[in-house]
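Please walk me through this structure in plain terms.

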Amino acid sequence: MASQLVSISSTLLYVAFILYLVAMLPLATSIKSKKPAKIGVAMVIVGFILQVSYFILRWIAQGHAPVSNMYEFITMFAIMIVAGYLITYFYFRTNLFGLFALPISMLLMAYGSMFSREVAPLIPALQSSWLAIHVITVTLAYGILSMSAVAGLIYLLKAVPATEKSWRARFLEAIMAGIVTVIVFIGTTVVMQNVIGYQDDFLYTDKQGQNQVAEYHLPSLVNFEGAVAVENVGDNNYEQAEHFHSGINLPPIIDSQKLNTVIWSVILGAIVYGIVRLILRKRIIALLKPWSNKADLNLMDEIGYRSVIIGFPIFALGGIFFAAIWAQIAWSRFWGWDPKETWAFITFMFYTIFLHLRLNRGYEGEKSAWLAIIGFLLILFNLIAINLLVAGLHSYA
């Protein structure tokens, strides 16, 4: 019964993804026709209901909130972004927002699908109701704060001339290059792992002194210190083998397996971005600019500000206060400067400075838009780099 519920929940997520993809067409059409995007928004609502149904069914199947691993956390983040979009839409009635918010949610869903979806017993540190409270609150804050970044991006696409030779135009184009890299990252991993089936196994010793096997789905450019190439001969038995390895080894505090994927993604992303630029013969922001020309800059600025006003206290509550309570229960201390705890504090301080500059220094309009995007990049860095590449107490997430 439990396995059936898990299977159904995964199917619901897949259907939601398809609905969001299809909904992009009526949303785009509504911008050109200036008519309400009723069909597109209706499809998004149905997709959101399916995502919530996934959450409920998976909770029932495994007996605890589905927020305990990377797949579940990223999926929850994607759900909250859609929730943030729907709240924004019904409050401000802006059709344009969906064209930029939904792709972020879909990218997160695709990224999350690369991680294990198996139902596993909770490790002792996660066996607390505060886990669900902490993660759900944090992802809700992330979803709302993401709306400030979406508003900021739309603002900048309209306000910054695509042909301008300035730092702001170059930095905005760099963000587009980063988006291309993320898409390449997801596509490369899916193709190499699920289509080609590339896999090289390496036996290494982790920071706790335990023997582990790392599965590489891309050729090894970086590896764990002392790693030995092995091959699975069945029944979880391994024998020494020959695999490609560049010879660069890193201490086990760095997850070399995932860093290897990131390096390949940056390399391939740069190549794909270069090809796109050669084909377009112009910046990517110039391609997207027509979609933002009808945006109301004052409205985008207001959405960005209000999103931070709402999302910041929720993040402070879930990411700092609730997290400290859970840390006390799990590890007998409220704060320990674990990498993820440290970055949560950095994110908290950034949005504190954001509001200070906004309220007391007049950082409105373009300045506020840049700050909103930087804040979202901090969130993504915490989600990807800190979670995946740095070994800490939150490595399971």
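In this predicted model, the largest nonpolar core holds 104 residues, and the members that touch the most others are Tyr85, Phe97, Leu172 and Met300. Helix 5, which spans residues 129–159, supplies the largest share of this core, 17 residues. Leu172 shows what such a position looks like in detail. Neighbours within four places in sequence aside, Leu172 is in contact with Leu153, Leu156, Leu157, Val160, Ile285 and Trp370. Apart from this core lies another one of six residues, including Phe202, Tyr204, Tyr216 and Ala229. As a general background, nonpolar side chains in soluble globular proteins tend to be buried together.

The next topic is helix packing. Two packed helices are described by the distance between their axes and the angle between them. For helix 4 (residues 96–112) and helix 6 (residues 167–196), the axes come within 9 Å and cross at roughly 30 degrees. The crossing of helix 4 past helix 6 is left-handed. On the helix 4 side the contact is made by Leu107, Ala110 and Tyr111, and on the helix 6 side by Ile183, Phe185 and Ile186. By type, the residues of this contact are six nonpolar, no polar and no charged.

Thr261 belongs to helix 7, residues 256–280. Its relative accessible area is 19%, so Thr261 is buried, the cut-off being under 20%.

A loop residue comes next. Asn69 is placed in the loop between helix 2 (38–62) and helix 3 (70–92). Asn69 counts as buried because its relative accessibility is 18%. A polar atom of the Asn69 side chain lies 3.2 Å from the backbone nitrogen of Tyr71. The backbone nitrogen of Glu72 lies 2.9 Å from a polar atom of that Asn69 side chain.

With a relative accessibility of 29%, Gln328 counts as partly exposed. Beyond its neighbours within four places in sequence, Gln328 is in contact with Arg333 and Phe334. Val82 is 246 residues from Gln328 in sequence, and the two are 32 Å apart in space, C-alpha to C-alpha.

Conventions. Residues are numbered from 1 along each chain as its sequence is written. This is a predicted model: local features need pLDDT of at least 70, side-chain atom pairs count only at pLDDT 80 or more; totals for chains, interfaces and linings use all residues. Side-chain values use heavy atoms; hydrogens and water are left out. Axes are lines fitted to C-alpha atoms, for helices over the stretch in contact, and angles run from 0 to 180 degrees between N-to-C directions. Helices (H or I, at least four residues) and strands (E, at least two) are DSSP runs, numbered from the N terminus. A crossing is left-handed if the near helix is turned anticlockwise from the far one by less than a right angle, and right-handed if clockwise. Contact means heavy atoms within 4.5 Å. Ala, Val, Leu, Ile, Met, Phe, Trp, Tyr, Cys and Pro count as nonpolar, Asp, Glu, Lys and Arg as charged, and the others, Gly among them, as polar. A nonpolar core is a set of buried Ala, Val, Leu, Ile, Met, Phe, Trp, Tyr and Cys residues joined through side-chain atoms within 4.5 Å. Buried means under 20% relative accessible area, exposed over 50%, partly exposed in between (1.4 Å probe, protein chains only). A polar contact is a pair of N or O atoms within 3.5 Å; within protein, one must be able to donate a hydrogen and the other to accept it, and residues adjacent in sequence count only if both atoms are side-chain atoms.
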